Amino acid sequence: MLAHPTLEQLHALGLHGLAKGFKEIEHNAEARGLDHAEWLGLLLEYETTLRRQKQSETRARAARLRHHASVEDVNYQIPRGLDRALFLKLAACDWIAERRNLLVTGAAGLGKSWLACALGHKACRENIPVLYTRVPRLFADLAIAHGDARYPRLLRTIARAKLLILDDWGPEALTPEQARDLLEIIEDRYDKGSLIITSQVPVDRWHDMIGIPTLADAILDRVIHNAYRIDLAGESLRKPRPSA
């Protein structure tokens, strides 16, 4: 069978990975010694790899992650208190399947958002639905949704994400409406999905940020009790470094 018609048929069937593999293996002298089962196995690997890549890219677009970050690019040499063993454990994404949370705190410029997005991209690669939002933008969207009847639909969209990244919470105290909105989001996720929350404010001050004691107790009880923590410290990574 001629290669050209075969490639056309594969593309017509949407088997673009198989087509790519067929083209590369066809011109590989070492592959000529493979039997039919080995050929098929290699072709299926091409197709599987391509589909996973496209799936990951689709997940990442839907997640709207702020940074194009990768867990493989994390710099552990920077003195900021990042526990390498813990972060590598988090990068495996098992904690998301276990529906646990992650709280990342530290001063501005220490890479909190970047680390959160790196874990978000890794989750996308693992075919986990992810949604990223900055907390100020989230509350602004929720306030608008209250006024035009989109509120329930927006909550459902947020709840569908298996990993929700709430970036840059605080230091402003929440309004009563924002506190109630946050409780709704947390309640929808409790024991169903995972959270990453980043904040410049230490966790022991979050109760005061929520403001209403009963709501603060309900929110933090659901967020903190099963959460991993990364507490960063050190100088901002955005500061210009002295020239050599």
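Start by selecting V135, L138, F139, L142 and A145: these are the buried residues of helix α7, where buried means under 20% relative accessible area and exposed over 50%, with partly exposed in between (1.4 Å probe, protein chains only). Look down the axis of α7 and you'll see why they belong together: they fall within an arc of 120°, so they line one face of the helix. That arc is taken from the directions from the helix axis to the C-beta atoms.

A quick note before moving on: this is a predicted model, where local features need pLDDT of at least 70, side-chain atom pairs count only at pLDDT 80 or more, and totals for chains, interfaces and linings use all residues. Residues are numbered from 1 along each chain as its sequence is written, and side-chain values use heavy atoms, leaving out hydrogens and water.

Now show the surroundings of α7. Its buried residues pack against β2 (130–134), α8 (151–160), β3 (163–169) and α9 (176–189); contact here means heavy atoms within 4.5 Å. Helices (H or I, at least four residues) and strands (E, at least two) are DSSP runs, numbered from the N terminus.

Turn to the face of α7 pointing away from the buried side, and pick R137 and G147, which are exposed. Just after the helix, click A149: its phi is positive, about 70°.

Last stop, the cysteines. The whole structure has zero disulfides, a disulfide being a pair of cysteine sulfur atoms within 2.5 Å. C93 is buried at 5% relative accessible area, and C124 is buried at 2%.
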